[in-house]
Amino acid sequence: MGKVEQKKRENFKKKAKSGGFESMGLSSDVYRGVKRKGYTVPTPIQRKTMPLILSGADVVAMARTGSGKTAAFLVPMLERLKKHVPQGGVRALILSPTRDLSLQTLKFAQDLGRFTDLRISLLVGGDSMETQFEELAQNPDIIIATPGRLLHHLAEIDDMSLRTVEYMVFDEADSLFGMGFAEQLHTILAQLSETRQTLLFSATLPSALAEFAKAGLRDPRLVRLDLDSKISPDLQLTFFTLRQEEKSAAILYLIREQINSDQQTLIFVSTKHHVEFLNILFREEGIEPSVCYGDMDQDARKIHISKFRARKTMLLIVTDVAARGIDIPFLDNVVNWDFPPSPKSFVHRVGRVARNGRTGTAFSFVTPEDIPYVLDLHLFLSKPIRPAPTEKEVLQDKDTVLSKIEGAIASGETVYGRFPQTVIDLVSDRVREIIDGCTDLEVLQRTCSNAFKLYTKTKPLPSRASIKRAKALSPEGLHPTFKNLMGGNELTAAAFSERLKGFK
């Protein structure tokens, strides 16, 4: 028996040395929750922030989506609070920018804290105030809230106070500021005790947020993984050039022919009207997607997201705002139907793919107007980019040219190229048929056009240098993805078509 005990101790020491959760000195109830969740080794952001948080320091932490930020502040929170205090008041407050992210954080906190008796209350819009009043009457230890709904409760309930809060978290803080919550956050901050511990978790640190951190945190420790400008090496980036009106045909072909039916794909579009347009278009084609956008009915949103999570649907069409807080653990592809105007938005979108040693692909549709944004992105990523060889170049020496391109891609260079016109033309006929036979799609097509014009007016401009570089770029050929089409008549026809376009 002595030998068995000795072996156990040796194993424990080994694990502690390896930097596992065992080495953090967590209480048994919290550690059991962590273990039950399946966590053994902390992620880099957890390893760097959790000891600081457990020591009581204020922390500003920056890391991209999917890096494990949520557990990084939930585990120390549970460790600090330990058990329910009936008359203790609210002791921890977590503010999130969206309802979806709040719901996700709640589920996470319940899973990790399943062996404690801590009470958690969720205060978000879309749920009845009366139900939330009842929950608050049960003296929760933790409140997870969106700023607007929290302030609504503070205004409605005379004896509700945040003075008892010991542990304050601003989650996705850059998004909280980007969505115009700055004034509300300052109001909430003024109602907190000065002795609280404050944590700020974010993907980026804009100047307004940095000022806020200075005002609200005491001597904060900055933990920065610099992942906001990096993408997974296991992620393949694919950029297809086409015209705006060709995107419907391209997406149908991509889903039908290029993406495996057992892979889950997230499709980003610019407006809710585009979400609805693609939703109906896919359904008319016998494909059932899930959808999610900002002001969508909450019950419908829950149903759509849960269907996608359960793999009952394989496509999820979203806008950027709605995508914040949707956590899909095993995502295979992202499609940028509309190219994001900010490099950080691109990194945030594609950061959901190729996680935890898995591979994945980010497909991006690039119109001529998007090229400067693509160049800005590659400057941001410090990644070289070149156009695919033209049909004329491939016809001269197909094997050598294709070999060079494959070598460039293998070395980390981005090669962008055209979607095949023959494919576009063929599928466009089918798209026209579907739209002509569906009144809703006809109406939505006009609405989408107007909404996209508005979206284009409001998005930030690319850099002047990239606009200038885009004008000087040589024309691109077919994307290497379609190299099976690069042979015989197809290629000759494409070369002839390109010559015709250049004829004046």
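1. Cys-448 has a relative accessibility of 7% and therefore counts as buried, the cut-off being under 20%. Cys-292, at 0% relative accessibility, likewise counts as buried. The model is a predicted one, and the number of disulfides in it comes to zero, where a pair of cysteine sulfur atoms would have to lie within 2.5 Å.

2. Helix α20 spans residues 439-458 and packs against helix α19, residues 421-436. The axes of the two helices are 6 Å apart, and the angle between them is about 110 degrees. Because angles of 65 to 115 degrees count as roughly perpendicular, α19 and α20 are described as roughly perpendicular to each other.

3. The contact between these helices involves Ile-434, Ile-435 and Asp-436 on the α19 side, and Leu-441, Glu-442 and Gln-445 on the α20 side. Sorted by class, this contact has three nonpolar residues, two charged residues and one polar residue.

4. Helix α16 (residues 371-381) is largely enclosed by the rest of the structure, because nine of its eleven residues are buried. The buried residues are Ile-371, Pro-372, Tyr-373, Val-374, Leu-375, Asp-376, Leu-377, His-378 and Leu-381.

5. What do the buried residues of α16 pack against? Their partners include the strands β8 (235-241), β13 (360-366), β14 (385-387) and β15 (414-418), together with the helices α15 (343-350) and α21 (464-472).

How values were computed:
Residues numbered from 1 in each chain as written. Predicted model: local features only at pLDDT ≥ 70, side-chain atom pairs only at ≥ 80, totals over all residues. Heavy atoms only, no water. Axes fitted to C-alpha atoms, helices over the stretch in contact; angles between N-to-C directions. Helix = DSSP H or I, 4+ residues; strand = E, 2+ residues; numbered from the N terminus. Parallel < 35°, antiparallel > 145°, perpendicular 65-115°, else oblique. Contact = heavy atoms within 4.5 Å. Nonpolar A, V, L, I, M, F, W, Y, C, P; charged D, E, K, R; others polar. Buried < 20%, exposed > 50% of the residue type's maximum accessible area, 1.4 Å probe, protein only.
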